[in-house]
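My notes follow in the order I took them.

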Amino acid sequence: MNMKERLFELIKSRKSKQVISLYLSMVIGLVLGIGISMINTRALGKDSYGDFKFIQSVFAFVVTFATLGLYYTTGRLIAKQEFKEKKNQIIGSVFLITLFISLVISLVLFVFSYFQNNLFGNDLGNVFRLFCILSLVFPL
């Protein structure tokens with residue numbers, strides 16, 4: 001078997017197709033993200049877009065820090081579990097934990113809204129207070 005045939009067989013394999021589709025979806029997501037950022041920048045202007053990205057980054061940081069691998073670990077637990085009853089218990093437990101985390105995130109962002117002007121000087125406290133209730137859906 002020559003090199004060309006080996007490469008063709010490798011590309012035809014199920015795992016290779018999954019890797020290629022994952023890579024392509026990441027590239028498409030990156031291109032769409034850049035395009036959306038360009039549209040948002042033009043629509044909002046420099047200052048408003050900076051405020052938007054700041055709020056988005058704070059929300060993303062708090063959610064990432066609060067969940068800290070919970071969903072990856074849960075996915076692995078569910079995948080390794082043989083009994084359907086245990087899988088349902090794990091899913092229910094993680095849902096309850098997620099609800100608790102959501103409430104904590106909302107509370108943290110509400111408290112942060114009063115201090116963020118002193119820390120960053122951008123006077124977005126009212127915006128954080130207005131949207132902190134929406135932070136309940138981020139972990140979900």
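I started with the lining of the largest pocket: α2 gives the largest share, five residues. The model is a predicted one, and I read everything below with that in mind.

Next I asked which helices each supply at least two residues of that lining. They are α2 and α5, the latter spanning 125-131. I then listed the lining itself: Phe52, Ile55, Gln56, Phe59, Ala60, Val127, Phe131, Leu134 and Phe138.

I turned to the largest nonpolar core. How many residues does it have? I found 16. Phe54, Val58, Ile105, Leu109 and Phe128 have the most contacts inside it. Both α2 and α4 (84-120) supply at least two residues of this core. As background, I recalled that nonpolar side chains tend to be buried together in soluble globular proteins.

Leaving out residues up to four places away in sequence, I got contacts with Phe112, Gln116, Phe120, Asn122, Leu124 and Phe128.

Last, I checked Ser25. I placed Ser25 in helix α2, which runs over residues 14-67. Is Ser25 buried, partly exposed or exposed? I recorded partly exposed, because its relative accessibility is 41%, and that value falls between the 20% and 50% cut-offs.

Technical notes
Residues are numbered from 1 along each chain as its sequence is written. This is a predicted model: local features need pLDDT of at least 70, side-chain atom pairs count only at pLDDT 80 or more; totals for chains, interfaces and linings use all residues. Side-chain values use heavy atoms; hydrogens and water are left out. Helices (H or I, at least four residues) and strands (E, at least two) are DSSP runs, numbered from the N terminus. Buried means under 20% relative accessible area, exposed over 50%, partly exposed in between (1.4 Å probe, protein chains only). On a 1 Å grid over the protein atoms alone, a cavity is a set of points where a 1.4 Å probe fits but cannot get out, and a pocket is an open set with protein on both sides within 12 Å along at least five of seven lines; lining residues have an atom within 4 Å of a point. A nonpolar core is a set of buried Ala, Val, Leu, Ile, Met, Phe, Trp, Tyr and Cys residues joined through side-chain atoms within 4.5 Å. Contact means heavy atoms within 4.5 Å.
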